[in-house]
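These are my notebook entries on one protein model. I go from the overall build to salt bridges and then to backbone details.

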Amino acid sequence: MQSRTESIPELLDRLCAVVPDYPVPGVSFKDLTPVFADAQGLRRVVDAIVEPFAGTFDVVAGLEARGFVLAAAAAYATGTGMLTIRKKGKLPRPVHSEDYALEYGTATLELHRDDVPPGTRVLILDDVLATGGTVGSAVRLVERVGCPVAGIGVVLELEGLDGRRNLTDHRVHALQKV
């Protein structure tokens with residue numbers, strides 16, 4: 001356990017595992033599961049990711065799958081609810097769907113049409129901002145159900161992929177840029 005004087009980037013550097021050539025050759029995957037397994041690390045990351053948005057959101061949306069960990073912890077810590085934005089075919093009731101491009105393929109996200117009433121302010125959380133395709137898709141889904149996006153929080157931002165260009169109308173907070 002490190003002291004509270006350790007910065008969030010230092011904490012992430014210490015706890016993240018780097019997995020080369022995952023999910024495809026040439027990609028170095030920063031695995032946050034060791035951060036989630038560390039009680040102090042998880043608490044500090046969650047506190048840091050929501051702090052800039054304090055008082056501006058009513059519910060936290062998490063993107064499947066690691067975004068669920070962050071969103072559930074953030075919702076609990078802030079006394080708000082949580083939305084699950086899932087991969088295609090995982091939600092049982094009527095959904096809105098959004099296709100998007102990844103840095104290494106394509107995918108579809110879905111959100112239940114009726115989990116929260118229109119006008120609910122939503123903070124979107126995910127582990128990584130890469131090309132902005134996944135988070136941009138989540139933004140469009142949240143807006144399609146009539147909810148304003150209060151902001152976007154990510155643990156890691158891959159600067160070389162310029163994902164913020166797809167999110168120019170939204171406030172983005174990254175804990176570490178790599």
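**Overall build**

I checked the radius of gyration, taken over C-alpha atoms, against the globule rule of 2.2 Å times the number of residues to the power 0.38. For 178 residues a compact globule would have a value near 16 Å, and the protein has 16 Å, which agrees. I note that this is a predicted model, in which local features need pLDDT of at least 70 and side-chain atom pairs count only at pLDDT 80 or more, while totals for chains, interfaces and linings use all residues. Residues are numbered from 1 along each chain as its sequence is written, and side-chain values use heavy atoms, with hydrogens and water left out.

I looked up the extent of the C-alpha trace, which spans about 45 × 40 × 30 Å along the principal axes of the protein.

I listed the secondary structure as DSSP runs numbered from the N terminus, helices being H or I with at least four residues and strands E with at least two. The protein has 5 helices and 9 strands. Read from the N terminus on, the order is α-β-β-α-α-β-α-β-β-β-β-α-β-β.

I then took burial, where buried means under 20% relative accessible area, exposed means over 50%, and partly exposed lies in between (1.4 Å probe, protein chains only). On that count 46% of the 178 residues are buried.

For contacts I used heavy atoms within 4.5 Å. Of the contacts with a separation of 6 or more, 59% are between residues 24 or more positions apart.

**Charges and salt bridges**

I counted Lys and Arg as positive and Asp and Glu as negative, without His and the chain ends. The place of each charge was NZ of Lys, CZ of Arg, CG of Asp or CD of Glu. There are 19 positive and 23 negative side chains, and the centres of the two sets lie 3 Å apart.

Side chains of opposite charge can pair when their charged atoms come close. My criterion for a salt bridge was a side-chain nitrogen of Lys or Arg within 4 Å of a carboxyl oxygen of Asp or Glu. How many salt bridges does a search of the whole structure find? The search gives 10.

I looked at the pair Arg86 and Glu64, whose closest N and O atoms are 2.8 Å apart. Arg86 is in strand S4 (residues 81–87) and Glu64 in the loop between strand S3 (59–63) and helix H4 (66–78), so the bridge links distant parts of the chain, 22 residues apart. Glu64 counts as buried because its relative accessibility is 18%.

The next pair was Asp127 and Arg66, a salt bridge at 2.4 Å, N to O. Asp127 lies in strand S7 (residues 122–129) and Arg66 in helix H4, so the pair ties together parts that are 61 residues apart in sequence. Is Asp127 buried or exposed? At 5% relative accessibility, Asp127 is buried, whereas Arg66, at 30%, is partly exposed.

Glu157 and Arg164 also form a salt bridge, with 2.9 Å between the closest N and O atoms. Glu157 is buried at 6% relative accessibility, and Arg164 is partly exposed at 27%. I also noted one network, in which salt bridges that share partners join Arg93, Asp114 and Asp115.

**Backbone details**

Most residues other than glycine have a negative phi, and most peptide bonds are trans. I therefore looked for departures from this.

The peptide bond from Tyr22 to Pro23 is cis, with omega near 5°. Pro23 sits in the loop between strand S1 (17–20) and strand S2 (28–31). Asp21 is also in the loop between S1 and S2; its phi is positive, near 60°. Asp21 is partly exposed, at 49% relative accessibility.

A cis bond also joins Glu64 and Ala65, with omega about 0°. Ala65 is in the loop between S3 and H4.

Asp162 has a positive phi, near 55°, and lies in the loop between strand S8 (149–157) and strand S9 (172–177). Asp162 is partly exposed, with a relative accessible area of 43%.

Pro117 is exposed at 55% relative accessibility. Its C-alpha atom is separated by 7.7 Å from that of Cys147, 30 residues apart along the chain.
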